[in-house]
Amino acid sequence: MQQVKPKKALGQHFLTDLDVARRIAATLDGYKQLPVIEVGPGMGVLTQFLLEEGHDVTVVEIDGESVEYLRRNFPQLGERILDCDFLKTDLDTIVDTPGQICVIGNYPYNISSQIFFHVLDYRDRVVCCSGMLQKEVAERLAAGPGTKARGILSVLLQAWYDIEYLFTVDPDVFNPPPKVKSGVIRMTRNSVTDLGCDERLFKTIVKTSFGQRRKTLRNSLRGLCGGATLPDDPIFSLRPEQLSVQQFIELTLLITSLRGDSAR
């Protein structure tokens, strides 16, 4: 059987360990009634187990050689093999029936953060997103307050999803082996429907504070307060990685009030 040649430009590292692929597929065991979008299936090592478990799978693959391989070896998928860029594709067109969906994949390291931001745009539909990515990024997604790994992705995703770091995968089960370890995570949609603050300002505060993460919030966020004097609130003496999502929401409300006061 002709194999697909991994392409460095696409960040392809094909998983060769079937047991690992089976374990990743099992992260969606509780969602077999929902449509699944698999990102970057490559040669279908994960696809085969999703199909075996009875999932309704649509695969999205940007590599033409992989698309042809999938069409030859997974004819049962038919038109559910999409030759397109996941990052540029409306998820509502991939699964055009209404309702919740799941996303899974062995995500390319070089675009994994962008993939999760894209999923976040569809948080009202994507009830579960799981898969494998670079261990460092996986740990960042799941990092809680007070940890060095905590960053922009941690807060923005955890505002809407509960995130679990499930297990670590060594480089020797890939072709070609990456230079770093991989991590498998699962994001499950929480019950939040509204942050209760200006979401755009919330994102700006999170990105600005982590953009200057060595500074206290008093120094990094001063420019967002419309010239108003910052109150003597203990939260401003903290650094961004110390804050929970709820504290970032409270900070957003506080800065909203300051900006309103300074505008009058």
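I started with the largest cavity, which holds about 40 Å³ of space. My working terms, on a 1 Å grid over the protein atoms alone: a cavity is a set of points where a 1.4 Å probe fits but cannot get out, a pocket is an open set with protein on both sides within 12 Å along at least five of seven lines, and lining residues have an atom within 4 Å of a point. Volume is the space filled by probe spheres set on the points, joined across faces, edges and corners.

This is a predicted model, with local features needing pLDDT of at least 70 and side-chain atom pairs pLDDT 80 or more, while totals for chains, interfaces and linings use all residues. Residues are numbered from 1 along each chain as its sequence is written, and side-chain values use heavy atoms, without hydrogens and water.

Back to the cavity. I found 1 of 30 Å³ or more. Leu120, Arg123, Leu156, Trp160, Leu195, Glu199, Phe202 and Lys203 line the largest cavity. Helix H8 (199-211) gives the most, 3 residues; helices are DSSP runs of H or I, at least four residues, strands are E, at least two, and both are numbered from the N terminus.

Of its 39 lining residues, Gln12, Phe14, Gly40, Gly42 and Asn106 sit closest to the centre. Strands giving two or more residues to that lining include E2 (35-39), E3 (56-61) and E6 (126-134).

Last, I looked up the second largest pocket, about 160 Å³. Lys8, Gly11, Gln12, His13, Pro177, Pro178 and Lys179 line that one.
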